[in-house]
Amino acid sequence: MTSGVSYDGDDFYCEVAIPHPDRLDVVHDSARVLAFHHTRPFWAVHIVVVPKRHIASLTTVSDEDETDVRELLGVVQAVARDVELEHGAAAVLTNLGAYQDSKHLHVHVHSGGRRG
């Protein structure tokens with residue numbers, strides 16, 4: 001997918017990203033977790049990490065989500081480590097509530113300045 005992809009649904013990850021990783025610049029793809037360069041990056045380096053099974057938000061995680069969340073955090077750690085090594089710094093962020101455009105747990109790993 002190219003920058004500026006237009007999407008009006010509630011769950012970009014379940015509806016677009018997970019079923020069509022071939023349209024993305026993928027960093028990691030396993031049975032439980034997908035990581036890819038954001039389709040509309042906000043920062044110079046902007047990678048999104050998502051569980052493939054729908055989990056609405058960090059604040060809705062339950063015991064049944066443990067395996068998925070453990071793998072998600074392992075991938076976030078590996079991606080953040082790689083970004084930090086390559087760019088000298090990395091930040092990890094997840095949004096909640098009204099800040100969460102797509103209602104599917106996802107973690108941003110980013111570095112560098114904001115894009116125009």
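E66 and R70 sit together in helix α2, four residues apart, or about one turn of the helix. Helices here are DSSP runs of H or I with at least four residues, strands are E runs of at least two, and both are numbered from the N terminus. The two side chains form a salt bridge, with the closest N and O atoms 2.8 Å apart. The term stands for a side-chain nitrogen of Lys or Arg within 4 Å of a carboxyl oxygen of Asp or Glu. As for the solvent, E66 is partly exposed at 42% relative accessibility, while R70 counts as exposed at 59%. The cut-offs behind these words are under 20% relative accessible area for buried and over 50% for exposed, with partly exposed in between (1.4 Å probe, protein chains only).

A word on the model itself. The structure is predicted, so local features need pLDDT of at least 70 and side-chain atom pairs count only at pLDDT 80 or more, whereas totals for chains, interfaces and linings use all residues. Residues are numbered from 1 along each chain as its sequence is written, and side-chain values use heavy atoms, with hydrogens and water left out.

Back to the charges: side chains of opposite charge can pair when their charged atoms come close. The total for the model is five salt bridges. One of them joins D68 and R32, at 3.1 Å from N to O. This pair ties together distant parts of the chain, with D68 in helix α2 (residues 66-87) and R32 in the loop between β1 and β2, 36 residues away. D68 is buried, at a relative accessible area of 4%, whereas R32 is partly exposed at 33%. D68 also takes part in a salt bridge with R53, where the closest N and O atoms are 3.0 Å apart. Here too distant parts of the chain are linked: R53 belongs to the loop between β3 and α2, D68 to helix α2, and 15 residues separate them. R53 is partly exposed, at 32% relative accessibility. Taken as a group, R32, R53, D65 and D68 make up a network of salt bridges.

The loop that carries R32 lies between β1 and β2, and these two strands form a hairpin with three residues between them. β1 (residues 26-29) and β2 (residues 33-37) run antiparallel and pair over three bridges; for strands to count as paired, DSSP has to find at least two bridges between them. Within this arrangement, V26 stands opposite F36 of β2. V26 is also touched by P21, along with D29 and L34, leaving out residues up to four places away in sequence. Contact here means heavy atoms within 4.5 Å. P21 itself is found in the loop between α1 and β1 and is partly exposed, with a relative accessible area of 23%. From P21 to L85, 64 residues along the chain, the C-alpha separation is 25 Å.

H104 lies in the loop between β4 (91-93) and β5 (107-114). H104 is buried, with a relative accessible area of 0%. Not counting residues up to four places away in sequence, its contacts include D11, Y13, C14 and I18, as well as R53, H54 and I55. V92, in strand β4, is in contact with V76, A80, V107, H108 and V109 once neighbours within four places in sequence are set aside.

Finally, the empty space. Rolling a probe the size of a water molecule over the atoms shows where such space is left. The largest pocket has a volume of about 440 Å³. A pocket, on a 1 Å grid over the protein atoms alone, is an open set of points where a 1.4 Å probe fits, with protein on both sides within 12 Å along at least five of seven lines, and lining residues have an atom within 4 Å of a point. Grid points are joined across faces, edges and corners, and the volume is the space filled by probe spheres set on them. Of the 20 lining residues, Y13, H38, R40, D101 and H108 are the closest to the centre of the largest pocket. By type, the lining divides into 10 nonpolar, eight polar and two charged residues. Nonpolar covers Ala, Val, Leu, Ile, Met, Phe, Trp, Tyr, Cys and Pro, charged covers Asp, Glu, Lys and Arg, and the others, Gly among them, are polar.
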